[in-house]
Amino acid sequence: MPALFASPAASPPLIELINVVKIFHTTAGDFTALKNINLKFELGEFTSIMGKSGSGKSTLVNMITGIDHPTSGTVRVDGTEIHRMKEGQLAVWRGRSLGIVFQFFQLLPTLSVLENTMLPMDFCNMYAPTEREEKAFELLRLVGLEEEAEKQPAALSGGQQQTAAIARALANDPPIIVADEPTGNLDSLTAERILELFEMLASRGKTIVIVTHDPALSKRSTLA
Ligand code: ADP
Ligand code: MG
């Protein structure tokens, strides 16, 4: 788990987990996946959290994104206690505040790369409908995929698909990008390019949180 930076008293952390506990109740009994987690992530930080399979990485990501609720404790993101929000509110909040990147990209196969990139804008009703296509094109240019805009995801390499998923994560210009094993399905050279892309985004002020079991990644981030 990351060490904590001493932050200036003036600005509260962008993401804060306080005494977060997650217990799964199963037929085999209770399983504590997160035990009293305290973490802070500041604006513009690039953090990777390393842990072996089953150590609770995805559970932690689900706390930050509000996909799942803690059993106890507080999750505060950009001033909002997200575990207290209702599902409908949470979905809109998530769409505007977070970009989420998954191990298996999760692009919609029947839509073009451009349409995939526009989806979060449509979902959250961000930007005027006539502006969305140009915004999405801008993002594809930023990540180097403008040539692939009209293609369907299956026509792209794994690295290009993950790059498209990152463009989609940027669609609503969220302050935070959260990624769960984003290089887990890529070869090492491609993984390197994806990490450079995250670094570029961090240098442009995005707060990046990556969970991974890949040691190469933790060497690069500002905290490990
Ligand atoms: P990681 O992403 O680090 O591989 P996870 O966060 O997915 O780990 O899971 C952490 C632990 O919690 C694992 O032992 C897993 O079996 C357990 N777990 C995760 N989700 C559930 C669930 N919905 N019900 C019961 N146990 C779960
Ligand atoms: Mg996982």
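Author: H3 and H5 are roughly parallel to each other, a term for angles under 35 degrees. The model is predicted, so local features need pLDDT of at least 70 and side-chain atom pairs pLDDT 80 or more, while totals for chains, interfaces and linings use all residues. Residues are numbered from 1 along each chain as its sequence is written, chains are lettered from A and ligands numbered from 1 in the order in which they are written, and side-chain values use heavy atoms, without hydrogens or water.

Helix H3 covers residues 113-124 and helix H5 residues 158-169; helices are DSSP runs of H or I with at least four residues, numbered from the N terminus. The angle between H3 and H5 is about 30°, and their axes are 7 Å apart. An axis is a line fitted to C-alpha atoms over the stretch in contact, and angles run from 0 to 180 degrees between N-to-C directions. The crossing of H3 and H5 is right-handed: the near helix is turned clockwise from the far one by less than a right angle.

Which residues in H3 and H5 meet? From H3 come Val 113, Asn 116, Thr 117 and Pro 120, and from H5 come Ala 164, Ala 167 and Arg 168. Contact here means heavy atoms within 4.5 Å. By class, this contact of H3 with H5 has 4 nonpolar, 2 polar and 1 charged residues. An α-helix has 3.6 residues a turn, so residues three or four places apart point the same way.

Besides H5, the buried residues of H3 pack against H2 and against helix H4, residues 129-142. Just after H3, Asn 125 has a positive phi of about 55°.

H5 also packs with helix H6, residues 188-203, at an angle of about 15° and with axes 10 Å apart. That makes H5 roughly parallel to H6, and H5 passes H6 in a right-handed crossing. Gly 159, Gln 162, Thr 163 and Ile 166 of H5 meet Thr 190, Ile 194, Leu 197, Phe 198 and Leu 201 of H6. This contact has 5 nonpolar, 4 polar and no charged residues.

How values were computed
Buried means under 20% relative accessible area, exposed over 50%, partly exposed in between (1.4 Å probe, protein chains only). Helices (H or I, at least four residues) and strands (E, at least two) are DSSP runs, numbered from the N terminus. Angles under 35 degrees count as roughly parallel, over 145 as roughly antiparallel, 65 to 115 as roughly perpendicular and the rest as oblique. Ala, Val, Leu, Ile, Met, Phe, Trp, Tyr, Cys and Pro count as nonpolar, Asp, Glu, Lys and Arg as charged, and the others, Gly among them, as polar.
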